[in-house]
Amino acid sequence: MRKLVFATNNPNKIQEVNSILGDRFELLSLEDIQCFEDIPEDWDTLEENARQKSDYVVEHFGLNCFADDSGLEVEALNNEPGVYSARYSGSRDMDRNIQLLLENLKDHSNKKARFRTVISLHMDGANYLFEGIVEGVIIDELKGDGGFGYDPIFIPNGYDKTFAQMTPDEKNSISHRAIAVSKLVDFLGQ
Ligand code: IMP
C-alpha cells in the first residue's frame, strides 16, 4: 500500500478521509511520522498555507503529503476572517472570535458568507489544489451546540438551521471540507 501523509493531528479529520479512501493508501498523521514541530503557516491565503504545509512534509520527511486549510469568508467584511479564522480576535477563544465577527457585521445588511477549504496535494513531485465551498448566511445569535468554530452562526443555503444544529453526519455530508476531500479522493482513485 502507498503511504500518504495527511498533515494534521486532528483524529476526526484523519478518520473522515480514511473512511472514504479505503485501503488504497496507508494514511499517516503527523504524529505517525514523528513530526512534532510547528509547521509554519506564514502566508495570507488558504492556498499558500496549505501548500506550505504539504511541501514542508515532503521536504523534511520524503513522503507524499496533502494538507488542508479552511476559513469563513464574509462578503461584507472583504472575505474576512478567511485565513485568520482561528485567531480573528487575536486569540483562539471562539466566543471572542464570534463576538468580534457579529460586532463587525452588525451594521451591514449583506449577511452572505461561505466556508472554504483548500487541500494541497504534493505527490510524486507535482502539486495539486482541491477546493470545497459552502455558501450561506451569518445570523446574529448563536444557535446549536454541535460542531466547532463558527458553526453556531452559519446557516448553509437551502437549510433553516445552523451547522451547529446539524448532526455530525448531516454536516459532514455537505461541508466545505467534505467537498474538497471528495475531489481529492476522486483524483487519488484515478
Ligand atoms: P482549519 O484550517 O480546518 O484548522 O480551520 C481554521 C479555522 O476556520 C478554524 O479554527 C475555525 O475557526 C474555522 N473553521 C474551519 N472549518 C470550520 C467549520 O466547519 N465550522 C466552523 N468553523 C470552521
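Where does the ligand sit? Select it: the ligand sits in the largest pocket.

The model is predicted, with local features needing pLDDT of at least 70 and side-chain atom pairs pLDDT 80 or more, while totals for chains, interfaces and linings use all residues. Residues are numbered from 1 along each chain, and side-chain values use heavy atoms, without hydrogens or water.

Next, show the shell of 15 residues around the ligand (a heavy atom within 4 Å). Strand E3 (65-74) gives the most to this shell, with three residues. Strands are DSSP runs of E of at least two residues, and helices are runs of H or I of at least four.

Now pick the polar side chains, using pairs of N or O atoms within 3.5 Å:

- Asp151: a side-chain N or O atom is 2.6 Å from a ligand nitrogen.
- Arg177: a polar side-chain atom lies 2.9 Å from a ligand oxygen.
- Lys13: a polar side-chain atom lies 3.0 Å from a ligand oxygen.

The protein covers 86% of the 480 Å² of accessible area that the ligand has on its own (Shrake-Rupley, 1.4 Å probe).

Finally, select Asn64, in the loop between helix H2 (46-61) and E3. Asn64 counts as buried because its relative accessibility is 14%, under the 20% limit. A polar atom of its side chain lies 2.8 Å from the backbone nitrogen of Asp124.

Conventions:
Buried < 20%, exposed > 50% of the residue type's maximum accessible area, 1.4 Å probe, protein only. Polar contact = N/O pair within 3.5 Å; in protein donor to acceptor, adjacent residues only side chain to side chain. 1 Å grid on protein atoms, 1.4 Å probe; cavity = no way out; pocket = protein on both sides within 12 Å on 5 of 7 lines; lining within 4 Å. Sits in = over half its atoms within 2 Å of the grid points.
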